[in-house]
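Welcome to my notebook. Have the sequence and the 3D view open, and we can go through my look-ups together.

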Amino acid sequence: MSQRKRSRGSGLTQGDDEDFSVVPTQSPSQVQRNLESRSQEEINRKVTELVQFLLVKDQKKIPIKRVDILKKVIREYKDVYSEIVNRAGRTLQQVFGLQMVEIDTKHHIYILTSTLPRVEGENLKQDIQTAKLGLLIVILSFIFMKGNSAKDSAVWEFLRRLRVHPGEKHEVFGDVKKLVMEEFVRQKYLEITPIPLTDPPEFNFQWGPRAAKETSKKDILSFVAKMQKKEPSFWISQYNEAKANT
Amino acid sequence: MAAQMSDAHRRFLQVLMSHGIMEGAEARKLHRCCCEISKAYYAQDKLDDFVSTINNQLQPLFMQIRKGMSEVDGRTHYALVNMAETEITKMASDYAENELELFRKTMDLIILSENGFASSTDILNSADQLKTKKMKKKEAEQVLKIFVDDKWLSERNGEYTLHTRCIMEMEQYILSTYPDIAKKCNICHSLAIQSQACETCGTGMHLPCVGKYFKTQSRPRCPQCNDFWPYEIPDRSRIDSQSSSRRVSRRELQSL
């Protein structure tokens, strides 16, 4: 079976003048006509490429931009973009139990989330990733309990009590400051915004869009409750907020 | 008849995908957990059937869950591999051009070496001569660490070899890219990066395969040319293969 060699993932190809930020809006009959001009095999190949592309990006927790999808995968098949994306979505669901979720509707950025019912104690990846997620959950909890937003000084003070210091190299996390302020932000788990008119600059910590999609206030509150050996309802406003959120 | 794809299968696939590669025992445990969670029928010891069902769905996507053997301890591993690649495309979207070039150079060094290992010194020296974009030693060290974290390389005592996952993923690519140099194990006929090779006829075998093959023989001989096998036979229960590649001295050989 012959397969076209898949193009390199990174970097622009020569003479790439097309504007990949815009997807042409088409009527369904137009899409149908475009579809008919391409062979099934060609479309299937593009669907497969897109599925692989999405999976690879998501394994690294890198949010996927529509611009990149168009530029690196869809390319000259722009006219059947919606068909390819829909089919890729169906494949992701059917085979992997994953779905594409748009976390930024303005810039069209996506992540993949699991559609399978979530279970407590599920081991996704038992290594450094688990440890990092543990740290992340602790930070998310702190932010939620503080009313959905916390100042960086408060977060670091809290972590200091857990013997995690931004200045020191941590034996598990390494450069913690980089992990928290760069990696978690890039992965859309945290949103860290500078507070204006502060000198030295201070930052505001909030949940990022991925955190909101991959966990819930209810789960985080349960976690806190378990840690403190209390009932979730002990924290009245957070409990109500968590309940309203589901 | 292949079973239907279910949430149990999907859950298994999600977890395997996030690990990249899993040991046989871990995979069996995961199989049981996934069936329990989804309240699906659990057929004990039917992991391979379970995996076949998933593979039927993965085939049109040019992906497969493959079984492979670790060259270090001989244990079975399961990995999700990409079948469509004629080059290291899977890595292409994860790494920069010069990082990929460094990986290829590292792979060259590993495959051309006697023992399947490349020293970090040699790798770092080649970082200096990259055609795409030169890399300083410090940066190259970090990139190597990422390759290890991502399970493309394994590190031992400052030397690097290919991770089991990498070998499983790129076996076809390696065999076709290094047709005269890459060795196949005489016993299991899979690609062998680390191996013991007969000094007379060059026949090579994986260390775990050597252990299995020579288990009952008191005077090990090459299966091809019948010459004395000059190496220490790896003990099946031992995981560390470093000393197993040690050549047996004449005196030790005579006392066998």
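**Entry 1: a pair in one helix.** I began with Lys46(A) and Glu49(A), which are three residues apart in helix α2 (residues 40-59) of chain A and therefore separated by about one helical turn. Their side chains meet in a salt bridge, with 3.5 Å from N to O. I call it a salt bridge when a side-chain nitrogen of Lys or Arg lies within 4 Å of a carboxyl oxygen of Asp or Glu. Helices here are DSSP runs of H or I with at least four residues, strands are runs of E with at least two, and both are numbered from the N terminus.

Are these two residues buried or exposed? Lys46(A) is buried, with a relative accessible area of 5%, and Glu49(A) counts as buried at 11%. My cut-offs: buried is under 20% relative accessible area, exposed is over 50%, and partly exposed is in between (1.4 Å probe, protein chains only).

**Entry 2: ground rules.** I noted that this is a predicted model, where local features need pLDDT of at least 70 and side-chain atom pairs count only at pLDDT 80 or more, while totals for chains, interfaces and linings use all residues. Residues are numbered from 1 along each chain as its sequence is written, chains are lettered from A and ligands numbered from 1 in the order in which they are written, and side-chain values use heavy atoms, with hydrogens and water left out.

Glu202(A) is partly exposed at 26% relative accessible area, and Lys151(A) is partly exposed at 39%.

In chain B I looked up Glu23(B), which forms a salt bridge with Arg75(B), the closest N and O atoms being 3.3 Å apart. Here too distant parts of the chain are linked, 52 residues apart: Glu23(B) is in strand β1 (residues 21-23), and Arg75(B) is in the loop between β2 (63-69) and β3 (76-82) of chain B. Glu23(B) counts as partly exposed at 25% relative accessibility, and Arg75(B) is partly exposed at 38%.

I also found a network: salt bridges that share partners join Asp58(A), Lys61(A), Arg210(A) and Glu214(A).

**Entry 3: strands around β3(B).** A reminder to myself: strands of a sheet pair through backbone hydrogen bonds, either parallel or antiparallel. I count two strands as paired if DSSP finds at least two bridges between them.

β1(B) is joined to β3(B) by three bridges and runs antiparallel to it, with Met22(B) opposite Tyr78(B). β2(B) and β3(B) are also antiparallel, joined by seven bridges, and Met69(B) stands opposite Thr76(B). The hairpin of β2(B) and β3(B) has six residues between the strands, and Gly74(B) takes a positive phi near 75 degrees there. Six of the seven residues of β3(B) are buried, so this strand is largely enclosed by the rest of the structure.

**Entry 4: a hairpin in chain A.** I went back to β8(A), which pairs with strand β7 (residues 190-195) of chain A in the antiparallel sense over six bridges. Glu191(A) has Gln206(A) as its bridge partner in β8(A). The two strands form a hairpin with six residues between them, and Leu197(A) in the turn has a positive phi of about 60 degrees.

**Entry 5: a lysine in a helix.** Last, I looked up Lys132(A), found in helix α5 (residues 128-145) of chain A. Lys132(A) is buried, with a relative accessible area of 16%. Which residues is it in contact with, leaving aside its neighbours within four places in sequence? I wrote down Phe173(A), Leu179(A), Glu183(A) and Phe184(A), where contact means heavy atoms within 4.5 Å.
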